[in-house]
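Hi,

Here is the structure I said I would pass on.

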Amino acid sequence: MSDRPRTAEAIWQAADLPARRLAGVALNPAAPTGVLLRLLACDSAAVRMTLCRDRDLPREVVDAVVAHPDQHTRRFLAANPYVDPAQRARLVEDPHWIVRAWLAGGPGYRHGRSELPEHTVVRMLTTYDREHLDTIYRQVPRSARWTFPSHPEPKVRAYACFWWSELTAQERSALLADPDEEVREKAETLLTNRILDPEYVERELPDRPCHARTHLLMHGALSRRVVEQVLAAPAGREDLAMIAGNPSLPLDILARLIRDPDPHVRETVADRPELTAHQRRVLADDPHPAVRTRISLHPALTEEERTAIDYEVSSDQTFGPSDAPTSLYDSARSRRHALSGHPLLRRRAACDPTLPPDLVARLSVDPDIGVRVLLAQNHPQAPAALLLRSFLEYTGRERWHLTTRPNFPTAELAGYAEAADPMLRRLALLDPRIPAVTVDRLSGDSDPEVRVGAARHPHLPLRRLTQLLDDEELAHEAAANPALPLPVMHHLVAALDD
């Protein structure tokens, strides 16, 4: 292949109009296997990247990708979030390091977990370079928690130590007495948890701002000497805010920080569970609204005490899906929060995907938009009426994510095609009964997202669809339209022979 490895953006920017059309065909759900195989054999990096990275693939096409001579084509499959992870796993023995590195990296955070087969993870742990395994945890199957602690391979047992807090006493004892030195050292490190040793923290604390310094100041056991150094540093306000939330901070220092001139420090202190009633009252009367708002959420306060605080609740922020694992939610705490008079506590409850039906019904009609939208974004049983209402009322980032929720309604949305808000015109395209003439008009809309949605809509008239194949902006989207006739697809692909 003639192209050299480049970033995905650079590959796409270099693609000419014929390549963009073919990349659209590569995404077309109606494209037959034969067409996809022809596209895989083409010389365009943009086409191969789109085909191998951005869609699910038939087994025959996966077979061809795995055997493809270009390692940069194989690497796109290695991180494809749409194919079965077992298909990606076939690249575990790939001869080129870049493919193996992309397989270890996986699809990335925004695609969530993508669990590889356990035997594939074992192979990676025992043969891959350490630097390639930093993000593999997103791909480790949950079944590994039960098999890795007693696995015959030492490197796999060493990896099991990362679940230290979840291991049984018997499993911990076995790892501490493991015949392999690396496994024993890993287990002993986690058993002693060196950052809980003040002498270790004092000795290893970097003297410059960096991630390691931040981690130790926030989570390490702080010696009096380290605390005094932070207090004495004239430009160490960020460090002071870090130690303000550290559980090991001496109580006399905590009392001093309650009246620190920096509101960010006082705001951090307001989270401390050991605050006395008097200290909570001081923070409740703080001149800075962020501090008063933070202390108003303190778990030791009564509902009456919260109501008496002059806190502020902003609706001008992002209300999106939470990435917190379900295990972090406590049903009793979520119920207390859901029944609270404080909107910010109800927002916390709204993020809990395990809320029971009675609380879902209650929060669905909450007077606070943040509560309603967070419930819509995070609960799998959020009602259709709430989802649509949230989309209509919320205009922040993550708004479109609401349309991906399980119960989002699509009927009778075509009327929004006349709305002034381009997001509502885009919403109209989700209506399965939207008239073809409306889709035709929206394909020339002033908003690019609306034009893209219309170009891909199966109701777009064939005349307009074929016209858009010559449009620099929308050719890619039009070629991906499932209504594109098969003869037209074959005609586009036949250009590869010219």
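This is a predicted model: local features need pLDDT of at least 70, side-chain atom pairs count only at pLDDT 80 or more; totals for chains, interfaces and linings use all residues.

**The chain overall**

The chain has 498 residues, and 48% of them count as buried. Its secondary structure is 33 helices and zero strands.

**Two helix pairs**

Packed helices get described by the angle and the distance between their axes, and I have both for each pair.

Start with α3 (residues 33-40) and α5 (residues 59-66), whose axes come within 9 Å and cross at roughly 15 degrees. An angle under 35 degrees counts as roughly parallel, so that is how α3 and α5 run relative to each other. The crossing of α3 past α5 is right-handed. On the α3 side the contact uses Thr 33, Leu 36, Leu 37 and Leu 40, and α5 brings Glu 60, Val 61, Ala 64 and Val 65. By class, that contact comes to six nonpolar residues, one polar and one charged.

Then there is α6 (residues 71-78) with α8 (residues 97-105), where the axes are 8 Å apart and the angle is about 10 degrees. That makes this pair roughly parallel too. From α6, the residues in the contact are Gln 71, His 72, Arg 74, Arg 75, Phe 76 and Ala 78, and they meet Ile 98, Val 99, Trp 102 and Leu 103 of α8. Here the tally is six nonpolar, two polar and two charged.

**The nonpolar cores**

Which residues touch the most other members of the largest nonpolar core? They are Leu 39, Met 124, Phe 148 and Trp 163, out of 77 residues in that core. The helix that gives the most to this core is α4 (residues 45-53), with six residues.

Leaving out residues up to four places away in sequence, Leu 39 touches Leu 22, Val 25, Ala 26, Val 47, Arg 48, Leu 51 and Val 493.

As background, nonpolar side chains in soluble globular proteins tend to be buried together.

Cheers

Conventions:
Residues are numbered from 1 along each chain as its sequence is written. Side-chain values use heavy atoms; hydrogens and water are left out. Axes are lines fitted to C-alpha atoms, for helices over the stretch in contact, and angles run from 0 to 180 degrees between N-to-C directions. Helices (H or I, at least four residues) and strands (E, at least two) are DSSP runs, numbered from the N terminus. Angles under 35 degrees count as roughly parallel, over 145 as roughly antiparallel, 65 to 115 as roughly perpendicular and the rest as oblique. A crossing is left-handed if the near helix is turned anticlockwise from the far one by less than a right angle, and right-handed if clockwise. Contact means heavy atoms within 4.5 Å. Ala, Val, Leu, Ile, Met, Phe, Trp, Tyr, Cys and Pro count as nonpolar, Asp, Glu, Lys and Arg as charged, and the others, Gly among them, as polar. A nonpolar core is a set of buried Ala, Val, Leu, Ile, Met, Phe, Trp, Tyr and Cys residues joined through side-chain atoms within 4.5 Å. Buried means under 20% relative accessible area, exposed over 50%, partly exposed in between (1.4 Å probe, protein chains only).
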